[in-house]
Structure formats: C-alpha cells, structure tokens
Amino acid sequence: MKNQIIRILIFQYILGVTYLIGTGLWDIAFTPSALLGCVAALVPKTYFSIRMLRQTENNNATQWLGYAYRSEIGKWVIMSAIFVLAFTTNYPWDPVVLFAGFVLIQVSGWFAPIVTKGN
C-alpha cells in the first residue's frame, strides 16, 4: 500500500511539472497561476498521504477511520489557507489557468488504478 501511495504522488507531481512546463511554453505570464493551482492541490494531498502512510499498519478500523477524517480536515484547512492567501494578495492571477491546474491534479487521482497497476 505504501508503494501505491508514493507512486500516485510521484505521478501527480510529474503531471504538475508537465502542466507548468506547458503553460510556460504557451505564455510565461501564466506560470505563476499554474504553479499556484498545482501547489494548492499537491501540498494538501502530500500532507494527507504522509499522515495516512503512518497508519498503514493500523488494523483497528475505528481508529484508522478517525485518523483519516482528521487528516482530511487538515487537508481542507491547508487548501483553504492557500487559496485565501493567494486571493487576498493583489497579484493578477489567471483564474482559468489556476483552477485548471488545481482540477488537473485533483482529477489525476481517478487514474490511480492505472498508475499503481494492481501493485
């Protein structure tokens, strides 16, 4: 299970870097917005994954589920803080590029079975 979680995170980071390179090649002015969108998705996912990796050996379903809920709440708090900090600055973010990067990373989780290939 640990290897699957790590593979999915690596896949998502590679996807984020690819998106950043693509937006940079398209128009360098979009790169900060693309970076923020990817960071707003990847940092909370990484936090959640690291916390859950600590619980992979826990066989108590009630404790594990409680830990998962607390980790998920922490993930949402981190994500919200990133967006609040970003949108309270006066930087002219491109919302389409920003949210496209965010959604790209979020949707990439759907490809987890393909990335892990049953390992």
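Tutor: Here is a close look at one helix pair and then at some aromatic rings. Residues are numbered from 1 along each chain as its sequence is written. This is a predicted model, where local features need pLDDT of at least 70 and side-chain atom pairs count only at pLDDT 80 or more, while totals for chains, interfaces and linings use all residues, and side-chain values use heavy atoms, leaving out hydrogens and water.

Take helix 2 (residues 31-53) and helix 3 (residues 61-87): their axes come within 9 Å and cross at roughly 160°. Helices here are DSSP runs of H or I, at least four residues, numbered from the N terminus, and axes are lines fitted to C-alpha atoms over the stretch in contact, with angles from 0 to 180 degrees between N-to-C directions. Helix 2 and helix 3 are therefore roughly antiparallel (over 145 degrees).

Phe99 lies in helix 4 (residues 95-108) and Phe83 in helix 3, so the pair ties together parts 16 residues apart in sequence. Phe83 is buried at 15% relative accessibility (under 20%, 1.4 Å probe, protein chains only), whereas Phe99, at 36%, is partly exposed (between 20% and 50%). Phe83, Phe87, Phe99 and Phe102 form one aromatic cluster.

Methods. Helix = DSSP H or I, 4+ residues; strand = E, 2+ residues; numbered from the N terminus. Parallel < 35°, antiparallel > 145°, perpendicular 65-115°, else oblique. Phe/Tyr/Trp six-rings, centres within 6.5 Å; stacked < 30°, edge-to-face > 60°.
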